[in-house]
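Colleague: I would like to learn how to read a protein model one feature at a time. Could we go through an example together?

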Amino acid sequence: MPDPGETAVAARFRDVTVEFRCPDPADTAHLRYYLSDHLVPDGSPVDLAVRLETEDGGSFTAALGTAATKRVRWRTPAGPWWLYEEWSTRARLPSPVPPFGLPPLRDLVRIRHGAAAAAPDGSARALAVTGDSGAGKSVLLLHLLRQGWGFVSDDLLVTDRQEKGRLHYYGRPVGIRERSLPLLPWLDATLLEDAPLLPTRWGRTWMVRPQRLGRCAPADQPLRLAWRLHLTRGARFESRTDGPTSHVTWDPQLHLEELLAVCPLPAGGGDAHAA
């Protein structure tokens, strides 16, 4: 149970229930929004506890991006608290929300930077989109959702550690950057009105629940990773295919139609795993 003065929210990932303990109710509200697809009732049996701390006991969320000292600790039910990381301006380790890098989840899944969408034909095949930050992964994901693909994840790819080529749903919000809005002329501006707005190194970014942007893949149905699209920013459009993986160089301002043309069609592409 949380200590006096703490608030808590519980979520489940891959049948592992995690209790996040927070110093401020605002942090709990923030987590409930981000993890709404994974929430379980308070008081559920806990497999892993994660404690978010600030030096002054204030809001952890408000301290992000500032020089205030922040700490994350974790423990399993029978173990002591372990320090995951302490930092001020910039963390070095992956975010503990979600805690895929902590036991027992780290023995079940692998994570990498990317987005994913499920084919619109109901075949349980998925496309993974990888590339550096700013390569246009979220822009492409939004266009795929508009074309009937199903949301699987944004920013994180969650793959199975035991079964190669199996991909899992992770329902965090989609980051829509202000500078990307001209590339999304069909986007209903009312979708952004009540979404959290965060300052990022890419400018202002709205965090929008995926259900508001299109359909979502079933949260409890693993998908087969059938295709991968790796994006790189560049002045000229170039595409090279290597089995189920396509390497594309593009400028999101200039080459959106060309990129959509090389995305796999629901009826094609086979089931070769794009590891």
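Colleague: In which loop does Arg14 lie?

Modeller: Arg14 is in the loop between β1 and β2. Keep in mind that this is a predicted model. Asp15 belongs to the loop between β1 and β2 as well.

Colleague: What is the value of phi for Arg14, and what is it for Asp15?

Modeller: The general idea comes first. Most residues other than glycine have a negative phi. Now the case here: phi of Arg14 is near 50°, a positive value, and phi of Asp15 is near 65°, also positive.

Colleague: Is Asp15 buried or exposed?

Modeller: To decide, look at the relative accessible area: under 20% is buried, over 50% is exposed, and in between is partly exposed. Asp15 has 69%, so Asp15 is exposed. Arg14 has 30%, so Arg14 is partly exposed.

Colleague: Peptide bonds next. Which residues are joined by a cis peptide bond?

Modeller: Again the general idea: most peptide bonds are trans. In this model a cis peptide bond joins Val97 to Pro98, with omega about 5°. Another cis bond joins Pro103 to Pro104, where omega is also about 5°.

Colleague: Where in the chain does Pro98 lie?

Modeller: Pro98 sits in the loop between β5 (82–87) and β6 (109–113). Pro104 is found in the loop between β5 and β6 too.

Colleague: Now the sheet. In what order do the five strands of the open sheet come?

Modeller: To read a sheet, list its strands in order across it and then look at the ends. Here the order is β1-β2-β3-β4-β5, and the pairing is mixed. β1 and β5 stand at the edges with a single partner strand each, so one side of each has no neighbour in the sheet. On average, neighbouring strands of this sheet are turned by 20° against each other, direction ignored.

Colleague: How many bridges join β2 to β3?

Modeller: Four bridges join them, and the two strands run parallel.

Colleague: Which strands does α1 lie across?

Modeller: α1 lies across β1, β2 and β3, and runs at about 20° to β1. With a helix, also ask which of its residues are buried. In α1 (residues 25–34) they are Asp27, Thr28, Leu31 and Tyr34. These four are on the same side of α1 because they cover an arc of only 130° around the axis.

Colleague: What covers the buried residues of α1?

Modeller: The cover includes β1 (7–13), β2 (16–22) and β3 (48–54). It also includes α2, β13 (197–200) and β14 (203–208).

Colleague: What is found at the start of α1?

Modeller: There, a side-chain oxygen of Asp24 comes to within 2.8 Å of the backbone nitrogen of Ala26.

Colleague: Charged side chains next. How many salt bridges does a search of the whole structure find?

Modeller: The search finds twelve. To read one, note the two partners, the distance between the closest N and O atoms, and whether each partner is buried. Arg21 forms a salt bridge with Glu19, and their closest N and O atoms are 3.0 Å apart. Arg21 has a relative accessibility of 4%, so Arg21 counts as buried. Glu19 is buried as well, with a relative accessible area of 11%.

Colleague: Which side chain meets that of Glu86 in a salt bridge?

Modeller: That of Arg71, at 3.2 Å from N to O. This pair links distant parts of the chain: Glu86 is in strand β5 and Arg71 in strand β4, 15 residues apart. Glu86 counts as partly exposed, at 38% relative accessibility.

Colleague: Is Arg125 buried or exposed?

Modeller: Arg125 is buried, with a relative accessible area of 9%. Arg125 forms a salt bridge with Asp121, and the closest N and O atoms are 2.9 Å apart. Asp121 counts as partly exposed, at 38% relative accessibility.

Colleague: One last residue. Where does Ala68 lie?

Modeller: Ala68 lies in the loop between α2 (60–63) and β4 (70–75). At 33% relative accessibility, Ala68 counts as partly exposed. Leaving aside residues up to four places away in sequence, Ala68 touches Ala63, Trp87 and Ser88.

Definitions and conventions:
Residues are numbered from 1 along each chain as its sequence is written. This is a predicted model: local features need pLDDT of at least 70, side-chain atom pairs count only at pLDDT 80 or more; totals for chains, interfaces and linings use all residues. Side-chain values use heavy atoms; hydrogens and water are left out. Buried means under 20% relative accessible area, exposed over 50%, partly exposed in between (1.4 Å probe, protein chains only). Contact means heavy atoms within 4.5 Å. The arc is that of the directions from the helix axis to the C-beta atoms. A polar contact is a pair of N or O atoms within 3.5 Å; within protein, one must be able to donate a hydrogen and the other to accept it, and residues adjacent in sequence count only if both atoms are side-chain atoms. Two strands pair if DSSP finds at least two bridges between them. Axes are lines fitted to C-alpha atoms, for helices over the stretch in contact, and angles run from 0 to 180 degrees between N-to-C directions. A salt bridge is a side-chain nitrogen of Lys or Arg within 4 Å of a carboxyl oxygen of Asp or Glu.
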